[in-house]
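Hi everyone, thanks for coming.

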Amino acid sequence: MNILIIVCTLFVIGSIIGYILEVFYRRIFSRHKWMNPGFLLGPYLPIYGIGVLMLYGISNISIPIPYNWLVIIIKIIMIGVSMTLIEFVIGIICLKGFKIRLWDYSKHKGNIMGVICPLYSFFWLIIGCIYYFLINPFIVDAITFISDNLIYSFFIGIVIGMMLVDLAYALHLATRFKELKAKETIRFDEWRANRRKKSLINK
């Protein structure tokens, strides 16, 4: 049971922190306005939650090699590859499955379908290394400690439940989006914002 609580906690923490990072990134560097950067309506980005779970697994996996420096190098490579792979897989699922583009790297050199590119793969590697060297040694003990609290377990269960409901609604919107935009691919956040404006005007 504790393992499940730990996994859920890491997923929620990663999703919320990722959302905050994306909001400020898009406000300051990318879109220059406050906006919901994600697929869901709530303040969380599951792709970051998945990334944190992957980082947690890589950071704590045991590699039977006697040289500590080589273990570190292998884990850093695994971090870089896994972060890029997560972004690629989720990006392709959204792009091909729902004709939704949640992010666009098409203007960056070396990009693949605008979903991944060397520059952002490097950024994810740096963030992953920060987690591995600075965060993981402390977060594991802290989460293990609070996971024994029954009230906390109930709370984290409610949060996960809310995210699942949000996901179901987002998938409904995505299906509707695909029906309306069957012949083109545009940014999901733009379509959702326009849809909200039209809804307010029609009230």
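I'll talk about a cavity, and then about a proline in a loop.

Before that, please keep in mind that this is a predicted model.

Let's start with the cavity. How many cavities of 30 Å³ or more does the count give? The count comes to one. The volume of the largest cavity is about 60 Å³.

So who lines it? Around the largest cavity you'll find Gly91, Cys94 and Leu95, together with Ile100, Arg101, Leu102, Trp103 and Val115. Sorted by class, that lining has six nonpolar residues, one polar and one charged. If you think in terms of secondary structure, helix H3 (68-98) and strand S1 (100-101) each supply at least two residues of the lining. Of the contributors, H3 gives the most, with three residues.

Now for the proline. Please look at the loop between helix H1 (2-30) and helix H2 (46-60), where Pro37 sits. Is Pro37 buried or exposed? Pro37 counts as buried because its relative accessibility is 6%, and the cut-off for buried is under 20%.

And what is Pro37 in contact with, leaving aside its neighbours within four places in sequence? The partners are Tyr19, Glu22, Val23, Arg26 and Leu45. Let me pick out Tyr19 from that group. Pro37 and Tyr19 are 18 residues apart along the chain, and 7.2 Å separates their C-alpha atoms.

That's what I wanted to show you, and I'm happy to turn the model around if anyone would like another view.

Terms used: Residues numbered from 1 in each chain as written. Predicted model: local features only at pLDDT ≥ 70, side-chain atom pairs only at ≥ 80, totals over all residues. Heavy atoms only, no water. 1 Å grid on protein atoms, 1.4 Å probe; cavity = no way out; pocket = protein on both sides within 12 Å on 5 of 7 lines; lining within 4 Å. Points joined across faces, edges and corners; volume = space filled by probe spheres on them. Helix = DSSP H or I, 4+ residues; strand = E, 2+ residues; numbered from the N terminus. Nonpolar A, V, L, I, M, F, W, Y, C, P; charged D, E, K, R; others polar. Buried < 20%, exposed > 50% of the residue type's maximum accessible area, 1.4 Å probe, protein only. Contact = heavy atoms within 4.5 Å.
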